[in-house]
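Hi everyone, thanks for making the time.

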Amino acid sequence: MRARSGDTMEKFTQLGAIGAPLMKPNIDTDAIIPVKRLIGYQRHELGAFALEPYRFRADGSENPDFVLNRSRHRAAKILVTAENFGCGSSRESAVWALMAYGFRCIIGPGFGDIFTNNAFQNGLLLIRLPRDVVDPIADELASAPSPAMGVDLEACTITTPAGRKVAFEIDAERRQALLEGRDEIAMTLLRDADITAFQQRDRAARPWIYETTPRLSPAA
Amino acid sequence: MVAPAQSRTLFDKVWASHVVAELSGGVSLLAIDRHLMHDLEAGAIIQRIADRGLKPHNPELTFGVPDHAVATDPRRRANSTPNSERLLREMKEGSDAFGITYFDLDTEGQGIVHVIGPELGLSQPGMTIVCADSHTCTHGGMGALSFGIGATEVAHVLATQTLRQTKPKTMRINLDGKVAPGVTAKDIILATIGQIGTGAGRGHAIEYAGSAVAAMTIDERLTVCNLSIELGAKIGMIAPDDTTFEYLAGRRYAPQGDMFDRAVAYWRGLPTDEGARFDVEHTIDVNRIAPQVTWGTSPQDVIAVDGRIPDPAREIDPQRRSAMEAALAYMGLAPGAAIEGTPVDWVFIGSCTNGRLSDIRAAARVVAGRKVAPNVRAWVVPGSEATQRAAEREGLDKVFLDAGFEWRKSGCSMCAGVNGDIIAPGQRSVSTTNRNFVGRQGPNARTHLASPVMAAAAALAGRIADARKIG
């Protein structure tokens, strides 16, 4: 049955994809999407500017040293990062830019608070693991014959490029939302019976809240 | 003494009465009583909801008004700023399609969203009120639990009439003492920010209490709560009392007749119980507060008008010292100098902090029969259309116009920087707004926050002046 919520979020169950290591701490949302790109572009167009200050040189040409500009990692859908990725300004467009580039999952030791909320709201899976677990995955992405890896949200495991299984933990409600492709609005609408029941009780206790017909003449 | 287990704060009572469900991770699903929308994002968010095939859960509980992007020129139209034509059209069309009340330009509902909420009686004690603007804490002056939200949360409220929220800690700020002549609610809250700092309220819901608060009018309480976000707190509240009930009686969207009496009976149960515990308490001695004026680029950079600009060299904390040096360089001020007498180019009276009728009256009393200094451009931007009309009925527009002020239409104007009303680079303003941040009133504009009477005094003197000496 199709939920009443519409489907704004792609489901996330299992993902087999190329990974890219970007082991620089404190990559902020200004670096993920520069503020000048927020005017005049649609959400799905922002992928061209994701991580722009790293991907491109001042003259607009590609920076060949940047990990996403190497043929091995160019098609990455999984990003492996260092501490505090997504810190800084609260812009939701940072998540849109990463997703428009193609990312579905980011693995790192920690993420900015607001960035975390925005990511799960938009179907971008963030996996938190200790730095000493993240580092070997990043090393394998750089050294294994193929930088392909897997993320299984049903089993809560990562398969590293070397074929190791790494378990992770995630908030139960966020996991369910991703598995079912529901954002918070959709998750809350599953509780609509609770909301309606609350309003019925509240309407009896505080009827004036719900009576919003104005007096005919405006008050001075 | 151990507080009885049932002793609860105002905040706790309002929060608990709105919990629809407890979710995982310490998050509560809170029912929202009033959702206020402004022009910057309303149209786009309504469109997002419509695109997913959703409808507003309770359109009768959402109210929209254009304020941020609108021009304040007396001859303004919907299209008189580059942004506003599209924003207002999309907002109006979306509101009409969704059955949301929209207070259009030139009607007695239009104005700054945080001014019209209380003025129309939409904001009431014990309510949860949200709006996509950080100064939504203003409505706490009515005894409401009111806070700013982001764009994604606006969509969530529209679709579900709820929000997912983590409960903040509680803080009480006791404002005790008697207010000296020439000192206003703005001075009290600025002095409070100066004493405890812009980070003090982070993660807390603040309740302002004490003898000075009990003596305040609603307009004054709204001014105090408005600056809660400049203490770092999303929420600032004041317990409702007879002052609140008298203010609300007869307003356009307030309960009427028997329903009003029933509401008052409920509201009387909201104030914090004796013995209720707060996570943090501060006490401010109001007797000692003089008229305030900011010298730097944060609301905590504030001194009494007869004080001297602080010297970064005396600051021990190196981070604070370099912030002070940067602020003084931006503001073009010298450490150790008197702030009084600093020449100004602009005076702005308005905003959700100080754009209410009582603010305009207080400024008019200072201005009456005098002239704006020749070096100063001075504006009054009433906080709402109703405020403007009421002021004009009292002849206050004439008082300001005769003195050389401009008398404009209501909106966020020089407080928002998104509607064309800005100050030229390097120019200095005394402003009744809430943020003296770098670039807030225009690139390289220098803002001194102060009360309406202080702003009026500065306009007449052409320099930062002590309103108490003009009276």
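Let me start with a question: which residues are buried in helix α14 (residues 385-393) of chain B? They are B:E385, B:A386, B:T387, B:Q388 and B:A391.

Before I go on, some housekeeping. This is a predicted model, where local features need pLDDT of at least 70 and side-chain atom pairs count only at pLDDT 80 or more, while totals for chains, interfaces and linings use all residues. Residues are numbered from 1 along each chain as its sequence is written, and chains are lettered from A and ligands numbered from 1 in the order in which they are written.

Helices (H or I, at least four residues) and strands (E, at least two) are DSSP runs, numbered from the N terminus. And when I say two residues are in contact, their C-beta atoms, placed from the backbone, lie within 7 Å.

Back to α14 of chain B. Its buried residues pack against α4 (113-119), α13 (357-367) and α15 (396-403) of chain B. After α14(B) comes B:G395, with a positive phi near 80°.

Now the core. A nonpolar core here is a set of buried Ala, Val, Leu, Ile, Met, Phe, Trp, Tyr and Cys residues joined through C-beta atoms within 7 Å. The largest one has 203 residues, and B:V347 and B:A458 have the most contacts inside it. Helix α16 (residues 452-461) of chain B gives the most to this core, with 9 residues. What does B:V347 touch, leaving aside neighbours within four places in sequence? The answer is B:V376, B:A378, B:S429, B:V430, B:A455, B:A458 and B:A459.

Next, the domains of chain B; domain bounds come from an automatic or database domain assignment. For chain B we get domain 1 (10-168 + 241-267), domain 2 (169-240 + 272-288) and domain 3 (292-470). The centres of domains 2 and 3 of chain B, taken over C-alpha atoms, are 22 Å apart. In that contact, domain 2 of chain B puts in 17 residues and domain 3 of chain B puts in 16 residues. On the domain 2 side, α6 (185-196) and α8 (218-226) of chain B each supply at least two residues, and α6(B) has the largest share, 6 residues.

For residue classes, Ala, Val, Leu, Ile, Met, Phe, Trp, Tyr, Cys and Pro count as nonpolar, Asp, Glu, Lys and Arg as charged, and the others, Gly among them, as polar. That makes the side of domain 2 of chain B that touches domain 3 of chain B 5 nonpolar, 8 polar and 4 charged residues.

On to chain A. It has 8 helices and 7 strands, and 35% of its 220 residues count as buried. Its C-alpha atoms fill a box of roughly 70 × 45 × 30 Å along the principal axes. The assignment gives chain A domain 1 (14-169) and domain 2 (171-209), with centres 31 Å apart, taken over C-alpha atoms. There, 6 residues of domain 1 of chain A are in contact with 7 residues of domain 2 of chain A.

Two residues of chain A to click on. A:A100 lies in helix α3 (residues 93-101). Why is A:A100 called buried? Because 20 other C-beta atoms lie within 10 Å. A:F66 is partly exposed, because 17 other C-beta atoms lie within 10 Å. Beyond four places in sequence, A:F66 touches A:Y54 and A:R55.

Last, where do the two chains meet? The contact takes 37 residues from chain B and 28 residues from chain A. The elements giving two or more residues to the chain B side include β1 (19-22), β2 (27-31) and our opening helix, α14 of chain B. The largest share on that side, 6 residues, comes from α5(B). By class, the chain B side has 18 nonpolar, 12 polar and 7 charged residues.

Note on methods: Buried ≥ 20, exposed ≤ 12 C-beta atoms within 10 Å, placed from the backbone.
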